[in-house]
Every structure is written in structure tokens, then in C-alpha cells.
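Visitor: Please put the model up first. I will then ask about it piece by piece.

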Amino acid sequence: MEAFRLMKELKSNLDQEVQYLPKETGLSLIESTQENGNGVSAKCRDARVEDLWSLTSFFGYSTQTFVLAVNLLDRFIAMMKVQPRYLACISIGCLHISARVTEEECNVSSSHELIRISQCKFTVSDLSRMEKIISEKLNFQLKAVTALTFLHLYHAIALSHTSNRKDILNLDKLEAQLKACLCRIVFSKAKPSVLALSLLMLEIEALQSADLLEIAQRIQTHLKISKADLARWRGLVGQCMREYSSPECAKPDHKKLVWIVSRRTAQNLHSSYRSVPELPTIPEGAWDESESEDSSEDLSSGEESLSSDAEGPYFPPNFCSRARRQ
């Protein structure tokens with residue numbers, strides 16, 4: 001009964017996926033744009049997506065938030081002629097819209113925090129106007145059927161046939177591989193159902209599971225995905241995974257996300273980082289209040305200098321991503 005419900009849901013999403021595909025002509029135009037041209041180039045787009053990945057990890061957002069933000073970004077820039085200087089505001093706007101759609105309200109960061117942490121040079125009002133433009137141009141279709149939608153359904157269908165596969169078919173690993181693919185604009189041209197099945201097939205081949213392969217083939221037949229189409233995208237996904245897992249590969253972004261601190265805190269940091277003061281030994285006997293007065297530290301200001309290298313749990317072990325070439 002559960003398997004039947006999942007297959008029905010799968011077919012329903014298949015009928016809707018075409019509504020949320022970016023215009024292929026627009027994507028092709030971006031791919032053909034020179035790096036220093038007037039429009040957004042593929043390299044510029046991919047760099048912004050990697051930044052979105054870093055911000056998603058920094059703010060603790062879900063994979064769903066990241067995938068939807070990329071979908072909104074690609075749909076928008078594929079239909080609008082965008083100047084590169086506006087791309088940062090557009091991408092952050094897409095992330096903020098996506099977070100409001102997918103995350104709990106209490107977990108959604110404010111516009112001010114997004115701008116501050118991303119270190120972009122636009123205002124809250126700029127971001128608000130951009131979000132309105134994005135929403136209007138996308139006809140307020142802010143929820144989308146994505147490759148993650150199908151990946152979750154494929155995984156659930158596999159589990160519905162036997163519970164023993166939960167530890168074998170790792171959904172976190174599949175999600176990480178999907179995020180790696182989305183950092184390349186070429187995968188925005190793939191149908192979400194086909195991209196997700198390509199990732200699933202490659203993982204099943206690595207596991208060498210005949211039972212899982214049979215389930216994947218049944219899904220392919222049910223969705224009427226052609227062998228040629230699947231073979232093409234499996235090849236591209238496989239190539240992407242090999243490049244991401246190569247020893248020469250680095251994380252998506254080495255740029256650090258740095259908290260902005262006050263002048264007083266900065267001065268304290270500069271004066272204290274050169275040497276580590278000796279702390280008084282805590283007596284083993286009774287506590288002497290006179291000794292504690294000089295040794296206590298005021299941690300109530302909340303202005304500690306924190307930084308993140310924006311790596312986060314991007315990939316499973318031995319899995320890394322393409323470095324952004326600067």
C-alpha cells in the first residue's frame with residue numbers, strides 16, 4: 001500500500017516537473033557568455049551557487065532550502081537579462097525566499113544577517129525590492145518540484161520494499177552529490193527526475209546491489225525515462241563525481257565567513273592574541289573568593305570573534321568538491 005502511494009506521488013511530480021525547469025535557451029546563453037561580458041557567465045553563476053552552499057551550511061538550512069534557492073536562481077536568470085553586479089543580490093534574495101518557504105519561521109535568518117554574513121554591498125531595502133521582483137517574474141511559483149523531490153521519493157520506494165537497505169543506500173551522501181552537481185550550470189538543463197535517477201543508479205552500481213538495481217529499473221520503466229536520456233546524464237554525473245573526488249579538488253569556497261566585531265573587541269583581540277596569559281591555579285581546597293576576582297572573564301558581551309571556513313558537512317568522507325578558480 002505504501003509503495004503504491006509513493007509510485008502515485010512519483011507520477012504526480014513527474015507531470016509537474018516541466019513547470020519548474022529553467023528556460024534552456026536562457027541557460028545556453030549564459031554558457032556562451034564571456035567571463036568579462038555584459039551578462040552573467042556560467043563561471044559567475046557557478047560561483048554564486050557555491051556561495052549559496054556555504055551560506056546554507058553556515059545558517060544551518062536544509063538541503064531542500066539550498067536546492068530550491070538554486071532552482072529559483074536558475075529560473076530567474078534564464079528568463080531575465082542580468083548584469084553581473086546584481087547577481088549577488090539576486091542569489092541572496094533567492095536563498096531568503098527559499099528559506100521562508102522551507103524552513104520553520106523561527107529558523108529563518110533576517111535580511112540584515114544574510115547581508116552581513118555574506119558581506120555583500122547592498123541594503124535591506126535593496127534585497128526586499130529584489131525579492132519582490134523575483135517573486136513577480138516567477139509568477140509567485142516559489143515552491144518547485146526538484147531533483148531532491150525525486151531523490152527522496154526514490155529512496156523511500158527502495159526502503160518500502162525492504163528495511164535492510166536503510167544503512168546501505170545513504171540519503172545524506174546522495175544529497176551531497178546532488179549539491180555538487182547543482183554547482184555546475186549544465187545540470188540545470190536536466191529533468192529533475194532523470195538527474196535524481198542518475199545519481200541513484202551510480203550509487204547502486206557502486207554498492208553492486210542487484211536488488212536495488214531492479215528497483216531502480218522499475219522506477220525508470222514506470223516514469224518512461226529513455227535509456228539514451230538516462231545514459232547521457234549518468235555519464236555527466238559520473239564525470240562530475242570523479243572530478244569532485246579527485247585529490248586535487250578542494251572545498252567549494254575557501255573564503256571565510258567572518259563576524260563583524262566592534263572596535264573595542266577588535267582592540268582586545270589584537271592586544272591579546274600575541275601571548276597567552278598564565279591563569280591562576282584553582283586551589284584544591286576551599287574556594288577563595290579573593291583569588292577569583294582577578295581570574296574571572298566577562299563573556300556576557302557576546303562579541304567574540306567567530307569565523308567559519310564555510311566547509312561544513314559538505315561531503316561524506318573522501319568526497320570533495322571543485323574549487324572555485326579565482
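Visitor: In α6, which residues are buried?

Guide: Six of the eight residues of helix α6 (residues 111-118) are buried, so this helix is largely enclosed by the rest of the structure. Helices (H or I, at least four residues) and strands (E, at least two) are DSSP runs, numbered from the N terminus; buried means under 20% relative accessible area, exposed over 50%, and partly exposed in between, with a 1.4 Å probe and protein chains only. This is a predicted model, in which local features need pLDDT of at least 70, side-chain atom pairs count only at pLDDT 80 or more, and totals for chains, interfaces and linings use all residues. The buried residues of α6 are S111, L114, I115, R116, I117 and S118.

Visitor: Which residue just after α6 takes a positive phi?

Guide: Residues are numbered from 1 along each chain as its sequence is written, and side-chain values use heavy atoms, with hydrogens and water left out. The phi in question is about 55°, and the residue just after α6 that takes it is Q119.

Visitor: Which element has the lowest mean pLDDT?

Guide: pLDDT is the predictor's confidence in each residue, from 0 to 100. The protein averages 80, and 73% of the residues score at least 70. Among the elements, helix α4 (residues 63-77) has the highest mean, 97, while the lowest, 32, belongs to strand β2 (residues 307-308).

Visitor: How many contacts does the stretch of residues 269-279 have in the model, beyond near neighbours in sequence?

Guide: Contact means heavy atoms within 4.5 Å. Over residues 253-259 the pLDDT is below 50, yet this stretch has 30 contacts in the model beyond near neighbours in sequence. Residues 269-279 also have a pLDDT below 50, and on that basis their count is one.

Visitor: Which side chain makes a polar contact with the side chain of D74?

Guide: D74 is found in helix α4 and counts as buried because its relative accessibility is 2%. Not counting residues up to four places away in sequence, it touches P22, L27, R45 and S188. A polar contact is a pair of N or O atoms within 3.5 Å; within protein, one must be able to donate a hydrogen and the other to accept it, and residues adjacent in sequence count only if both atoms are side-chain atoms. The polar contact of the D74 side chain has a length of 2.6 Å, and the partner is S188.

Visitor: Why is the pair of W53 and F66 tilted?

Guide: Rings of Phe, Tyr and Trp (its six-membered ring) pair if their centres lie within 6.5 Å; planes under 30 degrees apart count as stacked, over 60 as edge-to-face and the rest as tilted. The structure holds five aromatic pairs. The centres of the W53 and F66 rings are 5.9 Å apart, and the pair is tilted because the planes are at 40°.

Visitor: How many residues apart in sequence are the parts that W53 and F66 tie together?

Guide: Both residues count as buried, W53 at 2% relative accessibility and F66 at 0%. W53 lies in helix α3 (residues 42-58) and F66 in helix α4, so the separation in sequence of the parts joined by the pair is 13 residues.

Visitor: Which residues form one aromatic cluster?

Guide: F58 and F59 pair edge-to-face, at 5.3 Å centre to centre and 80° between the planes. At 23% relative accessibility F58 counts as partly exposed, whereas F59, at 17%, counts as buried. The members of the cluster are F58, F59 and Y61.

Visitor: How many disulfides does the structure hold?

Guide: A disulfide is taken as a pair of cysteine sulfur atoms within 2.5 Å. The total is zero.

Visitor: Which cysteine sulfur is nearest to that of C183?

Guide: C183 is buried, with a relative accessible area of 0%. It is in no disulfide, and the nearest cysteine sulfur, 8.3 Å away, is that of C240.
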